Amino acid sequence: MPDEKAAIRTMHDAHTRLKELGWRDAIYCPKDGTHFQVIEAGSTGIHDGAYSGKWPNGSWCVYDGDVWPSHPVLFKLYPEDQAKEDALWAERKAKFAALRARDGGRG
């Protein structure tokens, strides 16, 4: 990367690709103490993290034998939690479809 423009373009491309791979902006993480994976700017690792406190005044921490303050850029649920979330959304979608069918597609 010969200059700032090239570095920013590379950073953008990496961010876009990670989102294509299922990562989401950190502000949308669970706020109930659930642990999830995080990526921080300036780090090459994927870390175990959680959000604690009441949004937006709480904070993120990463856990690696100790607890460290964090400022993640992206997060991803662990596979078992993602499966639960997917099942919940599928259930809600089915309920909504049943209601629409019952109401003749209105509303």
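**Entry 1: a tyrosine to start with**

Is Tyr51 buried or exposed? I looked it up in this predicted model, and Tyr51 turns out to be buried, with a relative accessible area of 1%.

Next I went through the aromatic rings and noted four aromatic pairs in the structure. Trp55 is partly exposed, at 38% relative accessibility. Together, Tyr51, Trp55 and Trp60 make up one aromatic cluster.

**Entry 2: a lysine over the rings**

Which charged end sits over the ring of Tyr51? I found that of Lys31, 5.8 Å from the ring centre. Lys31 also lies over the face of Trp55, at 4.5 Å from the ring centre.

**Entry 3: the largest pocket**

Then I turned to the largest pocket, which holds about 280 Å³ of space. I counted 14 lining residues, and those nearest the centre are Ala14, Leu18, Ile39, Glu40 and Ala41. Where does the largest share of the lining come from? My note says α1, with four residues. I also wrote down that α1 (4-20), β2 (35-40) and β6 (72-76) each give at least two residues to the lining. Sorted by class, the lining has eight nonpolar, five polar and one charged residues.

Terms used. Residues are numbered from 1 along each chain as its sequence is written. This is a predicted model: local features need pLDDT of at least 70, side-chain atom pairs count only at pLDDT 80 or more; totals for chains, interfaces and linings use all residues. Side-chain values use heavy atoms; hydrogens and water are left out. On a 1 Å grid over the protein atoms alone, a cavity is a set of points where a 1.4 Å probe fits but cannot get out, and a pocket is an open set with protein on both sides within 12 Å along at least five of seven lines; lining residues have an atom within 4 Å of a point. Grid points are joined across faces, edges and corners, and a volume is the space filled by probe spheres set on the points. Ala, Val, Leu, Ile, Met, Phe, Trp, Tyr, Cys and Pro count as nonpolar, Asp, Glu, Lys and Arg as charged, and the others, Gly among them, as polar. Rings of Phe, Tyr and Trp (its six-membered ring) pair if their centres lie within 6.5 Å; planes under 30 degrees apart count as stacked, over 60 as edge-to-face and the rest as tilted. Buried means under 20% relative accessible area, exposed over 50%, partly exposed in between (1.4 Å probe, protein chains only). A charge sits over a ring if NZ of Lys or CZ of Arg is within 6 Å of the ring centre and within 35 degrees of the ring normal.
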